[in-house]
Amino acid sequence: MDSSLSRLPVMVFDCQATGAVPVRDTLLEVGWGSMPNGCAGAVNLDSALIVPPADFLVPSRVTRITGINDRLLAGGQPIERVWKKLRRAVRSCNVDPGGDCVGVVHYTRFEYPWLQWLESKGGGKRRPLFQELICTHALARRLLPGLPRKGLRAVAGYFDYPVDQLRRSGHHAAATAVIWRHFCQLLDQNWGIRTLDALAEWMREPAPTRPKRRMFLLDGDLLDDMPTGPGVYRMIRPGGEVLYVGKARSLRRRVRSYFANRGGHGEHILEMLSQVGDVTWRECDSAFEAALIECDQIKTLMPPYNRALRTGERKTVYVSGDFSLAGEVQTRRLCVGPFVDHHLFYSLACIRAQLLRRRLYRRDYAKFLETVLPGVSIVPDREAWHEGMRLFARTYPRTARADFSFAECWELGQHLWLDAMAATENDTDKASNEKGGEKEGVKDTDDTQAEHTEWEWNGPAVCRLLSGVFLRATRQMRRRRWFALLSESTVLWRTRDNETLLHTLSFHKGSLQGSNIVKSTFPLDECIPGRWERDMQTRRRCLDVITFDRLRVATSEIRRVLAEGRDVTIVLGPDVVLNSGRIARALLWL
């Protein structure tokens, strides 16, 4: 076998599992790629899903990370068949018949226990699959010591190879092959290491200490040319893929903070910074405008490292007039909408159907409750649920009537909201009194004991939960009306540094139509939206997930400007103008 690293036949390997301990966790997928001609040749990639044990269900967190679910695993292969495929791939890498193969993985601590497990299940007492196992993560610690993160996605991105967000073994095996090729070049050029024996000897030497300064692909001089005003910036991989879109009041200060040596960034941000080769930006008249442009660019570009404001799997939903039915398509029956929080309104429809005594929970009661209440970790038992439903129907009898209308739901939500506001004020007063008592040396032992009691579902608790569903639904209705108004409007507010100037933003069909800076004496008649006369029903038809998010960002920015003590005016029509006081009162509901 040729021991030259660049011509060394290797096989890259990756696996996905529910954890790192084979005796406790479950192997889901294996991916590999044979490189019989070394770094110069092609990679023969393959992967296989593993048939899971009986009664195994893929955890939701694993599905979210990998995309592997129970349906995919149902078409998996037995371990023995996968092991035979791996053996054939190893033999294809060997130049000498019966020779051994070198394996390359990115993280030995995770992959090696599963390799041993595979050998025990599929190979019995035969010799190990690989003669030697090379860890590219350990190589990255020596070859790229200043890189902020050395995970597979970070290192592959550093070499301008994008890795899919879903962790699948085939993609990871391909990325490992790319990393190995680049590392062979670095070992040859920078360290003079050209053979497997020299690499093994070098790896036995003490690892270098982590440098004080982080290493980035980005040219630091670029940051000095950035403007100091508000705007939107893009973090870009050397190949041109946009990794992240952000907004800032000061572009230079914000982007510089990413590349400072002090900590404070999350893991996914450090992983992103390991791959950034360029930064572009767009100046804006205000931070308000920058927030709206950021929202639109995230929707358009779908950068992998933007977690918020992504459309994802969210959909609009319509409900019937009595809220007992919900669906994604508007029909004559499903005439109320659209709403974005489809989980909430499906929950409301199921609760209304139960209040009307339709037995939707016969087959799988716990599964039904998980669907109705997706954010609740511990679902109530059947007895507590029935008791809470009866208590809610007695407290709010109109909700159990077949003719329960949209207006009645609105009125009920307003009543619940006022009760919640009063309860919040009482809790605040009580907390202030208790704080004063603690200063005087008074301690409430009953409250201390209550903190350690386990949560138990009962009728009143279920009743409060149902009230919360109706309250949130009413708030969504209110928000939908506010967004419909805001979709055809002009927003004006005073600039930060000059009180004689005003920022203006115009919306049409929920999209940003224009931005400007005018004098404070500018007549409001000139700010009347061009399509202000559009009726509410026509406006609501334009409200999709993207428009909802954009107007939600606009509402958050209006809150921020008001919190800074600056006057805000919203022009909705010739004689319909909202001042700061009216806007603040309206925002209390949203």
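In which sense do strand E12 (residues 489-494) and strand E15 (residues 568-573) pair, and over how many bridges?

Modeller: Happy to! This is a predicted model, so local features need pLDDT of at least 70 and side-chain atom pairs count only at pLDDT 80 or more, while totals for chains, interfaces and linings use all residues. Residues are numbered from 1 along each chain as its sequence is written, and side-chain values use heavy atoms, with hydrogens and water left out.

Now to your pair: E12 and E15 run antiparallel to each other, joined over 4 bridges (strands, E, are DSSP runs of at least two residues, and helices, H or I, of at least four, numbered from the N terminus; two strands pair if DSSP finds at least two bridges between them). Within that pairing, Thr490 has Val571 of E15 as its bridge partner.

Stepping back, these two belong to an open sheet of 5 strands, ordered E14-E13-E12-E15-E16, with antiparallel pairing. Its edges are E14 (511-519) and E16 (576-578); each has a single partner strand, so one side of each is left without a neighbour in the sheet. From one strand to the next, the twist averages 20° (axes are lines fitted to C-alpha atoms, for helices over the stretch in contact, and angles run from 0 to 180 degrees between N-to-C directions).

Helix H20 (residues 545-563) lies across E12, E13 (501-508), E14 and E15, where contact means heavy atoms within 4.5 Å. Relative to E15, H20 runs at about 140°.
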